[in-house]
Amino acid sequence: MKKQRLKAVALTTMLSAGALMGSVAMADQALDSVLKVGQAKTTLAQDSQKRIDRLAQETDDLAQQFKQQNKLIDDLRVFNAQMEKQVAKQLVVVQDLEKSIEKVTVIERQIQPLIFRMLESLEQFVSLDKPFQLEERKARIEMLRNNQDRADISVSEKFRQVLEAYKIESAYGSTIEAYKGTLPVDGQDREVNILRVGRISLMYQTTDAKQCGTWDAAQGQWVALDDSYNANILKGLRIARGQASKDIMTMTVQAPEAAQ
């Protein structure tokens, strides 16, 4: 009887131990499940945080880009406003240029006849003036006349060239010059030294300094002078060549003939 009780107690103990072991195993499984769920939640939370951080960064980037675009738009507005002012001013300049071009066209039509009149006057003046450097002066006028037919030279340049010729002719009146030439002396051509003093006197002297003469505008020819002028003409030649200092000279003077 006692043995049966012991067996029953042992059996009960074994059942209890088995139940306890089963409970422990189940508890372990439950704990593992809880841990796994916690780990999964932690992973999800980390992933969510990463997404949040990424979205926050993207939001910051977008906000920065938005600010930059707004600044660029403001800069463009300022630039466009400035360009509009410049364009408006350029339009005014264009209008002024168009008016100027119209005026230039009218002026060109008036300048060309003026140039021809100036050349005619210059040619007449040279023909009536004392005959110094005639070849050079006539060649200059001929060149100016030929240039009037050239299309590659502007009207303004043609006018400038004519004015330059007038300046050269004007300068002759305030300069002294000595150069060699060939003139008829005593019925035969001889090499002479020619002295020009402004436009008031044009004289010559033979190279041996023995004979001299002057241009007589009234007669339109060279006339001989007496020997008393030789010393003064020789001094004038030396002054013109820079071989002597400027000094008072005695010479023949005639009033120039005005162009008609």
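Colleague: Is N230 buried or exposed?

Modeller: Please keep in mind that this is a predicted model. Buried means under 20% relative accessible area, and N230 is buried because its relative accessible area is 10%. For context, 24% of the 260 residues of the protein chain count as buried.

Colleague: Where is N230 found, and which residues is N230 in contact with, leaving aside its neighbours within four places in sequence?

Modeller: N230 belongs to helix α4, which covers residues 230-240. With those sequence neighbours set aside, its contacts are Q205, A209, K210, Q211 and C212, and the N230 side chain also reaches the backbone oxygen of K210 at 3.1 Å.

Colleague: How should I read the two faces of strand β1?

Modeller: In a regular strand, side chains alternate between the two faces of the sheet. In strand β1, residues 176-185, the covered face holds E177, Y179, G181, L183 and V185, while I176, A178, K180, T182 and P184 make up the uncovered face.

Colleague: In what sense do β1 and strand β2 pair, and over how many bridges?

Modeller: The pairing of β1 with β2, residues 188-197, is antiparallel and runs over ten bridges, with P184 standing opposite D189 in β2. The two strands form a hairpin with two residues between them, and D186 in the turn has a positive phi of about 55°.

Colleague: How many helices and strands are there in the protein chain, taken as a whole?

Modeller: The protein chain has four helices and five strands, and from the N terminus on their order is α-α-α-β-β-β-β-β-α.

How values were computed: Residues numbered from 1 in each chain as written. Predicted model: local features only at pLDDT ≥ 70, side-chain atom pairs only at ≥ 80, totals over all residues. Heavy atoms only, no water. Buried < 20%, exposed > 50% of the residue type's maximum accessible area, 1.4 Å probe, protein only. Polar contact = N/O pair within 3.5 Å; in protein donor to acceptor, adjacent residues only side chain to side chain. Contact = heavy atoms within 4.5 Å. Pairing = 2+ DSSP bridges.
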